[in-house]
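Let me put the structure up and then we'll walk through a few spots together.

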Amino acid sequence: MYIPFENMPLDSRIWIYQSNRKFSDDEVTEITALTKDFVEEWSAHGASLEASFDIRYSRFIILAVNPDVQAASGCSIDSSVQFIQQLEKKYDVDLLDKMNVTFKNGEFIAHKSLIDFKKMAKEKAVSGATIVFNNLVNTIEELNDSWEIPAEESWHSRFF
């Protein structure tokens with residue numbers, strides 16, 4: 001059952017999928033429709049999940065489940081990964097590779113491999129003050145508080 005993202009409780013469990021490129025406006029419109037359809041039907045052991053999604057910066061797809069109604073099960077998480085894999089094929093993007101870093105570079109969002117980001121840190125092209133997206137957050141509350149943070153306050157700090 002789809003619930004608008006802003007109406008989801010702060011303890012809702014989230015999964016963040018970052019794209020290796022920015023989606024076009026048309027792609028965002030299509031992905032929004034496809035994701036809403038997926039979330040409407042998303043279930044765990046036959047029970048409908050109270051769920052939502054958000055697309056941020058035309059680059060991040062965030063899925064959310066209210067654990068107070070029905071927790072996501074292994075099978076329901078698998079079905080969401082299969083859905084994300086379908087999006088990867090349809091739009092020729094990478095959404096599942098966790099070995100990449102997305103960060104703010106002025107007004108722009110940059111996406112680099114972990115190796116390239118580490119190299120940029122060594123060359124002082126990015127600093128501990130660079131805003132990174134910490135996709136390890138697990139709840140909407142953590143998303144609000146700890147998703148966009150200085151690199152020195154995240155797991156990226158080891159590169160500085």
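So, to start: where is Tyr57 found? Tyr57 sits in the loop between β4 and β5. Helices and strands here are DSSP runs, H or I of at least four residues for helices and E of at least two for strands, numbered from the N terminus.

Quick housekeeping before I go on. This is a predicted model, where local features need pLDDT of at least 70 and side-chain atom pairs count only at pLDDT 80 or more, while totals for chains, interfaces and linings use all residues. Residues are numbered from 1 along each chain as its sequence is written, and side-chain values use heavy atoms, with hydrogens and water left out.

Back to that loop. β4 and β5 make a hairpin with three residues between them. Tyr57 has a phi near 55°, which is positive in a residue other than glycine. Ser58 lies in that loop between β4 and β5 too, and its phi is also near 55°, again positive in a non-glycine residue.

Are these two buried or exposed? By the cut-offs, buried is under 20% relative accessible area, exposed is over 50%, and partly exposed is in between, with a 1.4 Å probe and protein chains only. Tyr57 is at 35% relative accessibility, so it counts as partly exposed. Ser58 is at 18%, so that one counts as buried.

Now the strands themselves. β4 covers residues 51-56, and six bridges join it to β5, antiparallel; strands pair if DSSP finds at least two bridges between them. Ser52, for example, has Ala64 as its bridge partner in β5. There are also six bridges between β1 and β5, and those two run antiparallel as well. There, Trp15 has Leu63 as its partner in β5.

And why is β5 largely enclosed by the rest of the structure? Because six of the six residues of this strand, residues 60-65, are buried. Phe60, Ile62 and Ala64 point one way, Ile61, Leu63 and Val65 point the other way, and all are buried.

Last stop, the surface. Asp11, Asp68, Glu141, Glu142 and Asp145 gather there in a patch of negative charge. Patch residues have over 30% relative accessible area and no salt bridge, with like charges joined within 9 Å, and nonpolar side chains (Val, Leu, Ile, Met, Phe, Trp, Tyr) within 5 Å. A salt bridge means a side-chain nitrogen of Lys or Arg within 4 Å of a carboxyl oxygen of Asp or Glu. Asp11 lies in the segment before β1, which is 13-18, and has a relative accessible area of 37%, so it is partly exposed.

Note on methods:
Accessible areas come from the Shrake-Rupley method with a 1.4 Å probe; for residues, only the protein chains shown count as cover. Lys and Arg count as positive and Asp and Glu as negative; His and the chain ends are not counted. The place of a charge is taken as NZ of Lys, CZ of Arg, CG of Asp or CD of Glu.
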